[in-house]
Amino acid sequence: MNPLARALGHGVLNRGVHAVWRWLDRAGEIVPGTHAAAAFGSFGAGSCIDFPPATLLNCRSIHVGSGVLVGRQATLSVGYGADDPNIPDRALVIGDRSSLGARVSITAHSSITIGESVFFGQSVFVTDASHGYQDPTRPIGEQFGAHQPVSIGSGSWIGHGAVILPGARIGRNAVVAAGAVVRGEVEDFAVVAGNPARVVRRLEPDVGWVDSRGDVRPVLEGLFGSD
């Protein structure tokens, strides 16, 4: 085959592959009215899980609010397997208008609650259970730790690659910096960063956003419009 014919053939094939992928992308979305959406405990109006997902396990215990967007390659998983007999009815709840970035991984066993208008960056990991290691005669992968509920308050922002560990309780309008590892409580209107995550800035009434050195950033109400 001469170079011109080869180039033309490759161009046609390339356009065809991308056209098929765009069609699959749209056809594979999980939206209200699809068979996949019906498998969830509830799936609100205007919500969408992008195609392809990574893992969707025990969807009957996952409740998705209205206007929720979940990026592609997401893992939304409940329990230790499809035959787990101890799965709660509402193990994973995602509030209205929340947006979870691509490659998010959420594994619930007891209770993970994400409030309304919560935004995740990409590759965020959230879990309410971990492995134990107390028995030195058994592989750690066979030892299961206690389940500790996780909650993320409405209006919060969870940065790229953050890890939310069992027992985390994140308040309203909190910011978790990229790559932070959170265990325990994060107060309302706080910014946390690091491993383990620590408060680096918080909202002081009538003062502004204050960091540990006393630097103040002003409150900018209405900058992006009102609700």
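Two aromatic pairs are counted in this predicted model. In one of them, the ring centres of F40 and F43 lie 5.2 Å apart with planes at 65°, so this pair is edge-to-face. Both F40 and F43 are buried. The other pair brings together Y80 and F144, whose ring centres are 4.7 Å apart; their planes meet at 55°, so the pair is classed as tilted. Distant parts of the chain are linked here, since the two residues are 64 residues apart. Y80 belongs to the loop between β6 and β7 (92-94), while F144 sits in the loop between β12 (125-127) and β13 (150-152). With a relative accessibility of 41%, Y80 counts as partly exposed.

Strand β6 itself covers residues 75-78 and includes T75. What makes T75 count as buried? The relative accessibility of T75 is 15%, and the buried class takes in values under 20%. Beyond its neighbours within four places in sequence, T75 is in contact with A54, T55, V104, S105 and I106.

Attention can now turn to a pocket. The second largest pocket has a volume of about 150 Å³. Its lining is made up of A129, S130, H131, G132, Y133, Q134, G145, A146, Q148, P166 and R183. By residue class, this lining of the second largest pocket holds six polar residues, four nonpolar and one charged.

The backbone also has some features worth a look. Where are cis peptide bonds found? One joins F51 and P52, with omega about -5°, and P52 is placed in the loop between β2 (48-49) and β3 (55-57). Another joins N195 and P196, with omega about 0°; P196 is part of the loop between β20 (190-193) and β21 (198-204).

Positive phi values occur in residues other than glycine as well, including S123, where phi is near 60°. S123 lies in the loop between β11 (119-120) and β12, and its relative accessibility of 26% makes S123 partly exposed. For D206, phi is also positive, near 65°. This residue, D206, is located in the loop between β21 and β22 (208-211). Is D206 buried or exposed? D206 has a relative accessible area of 86% and is therefore exposed, the cut-off for that class being over 50%.

How values were computed: Residues numbered from 1 in each chain as written. Predicted model: local features only at pLDDT ≥ 70, side-chain atom pairs only at ≥ 80, totals over all residues. Heavy atoms only, no water. Helix = DSSP H or I, 4+ residues; strand = E, 2+ residues; numbered from the N terminus. Buried < 20%, exposed > 50% of the residue type's maximum accessible area, 1.4 Å probe, protein only. Contact = heavy atoms within 4.5 Å. Phe/Tyr/Trp six-rings, centres within 6.5 Å; stacked < 30°, edge-to-face > 60°. 1 Å grid on protein atoms, 1.4 Å probe; cavity = no way out; pocket = protein on both sides within 12 Å on 5 of 7 lines; lining within 4 Å. Points joined across faces, edges and corners; volume = space filled by probe spheres on them. Nonpolar A, V, L, I, M, F, W, Y, C, P; charged D, E, K, R; others polar.
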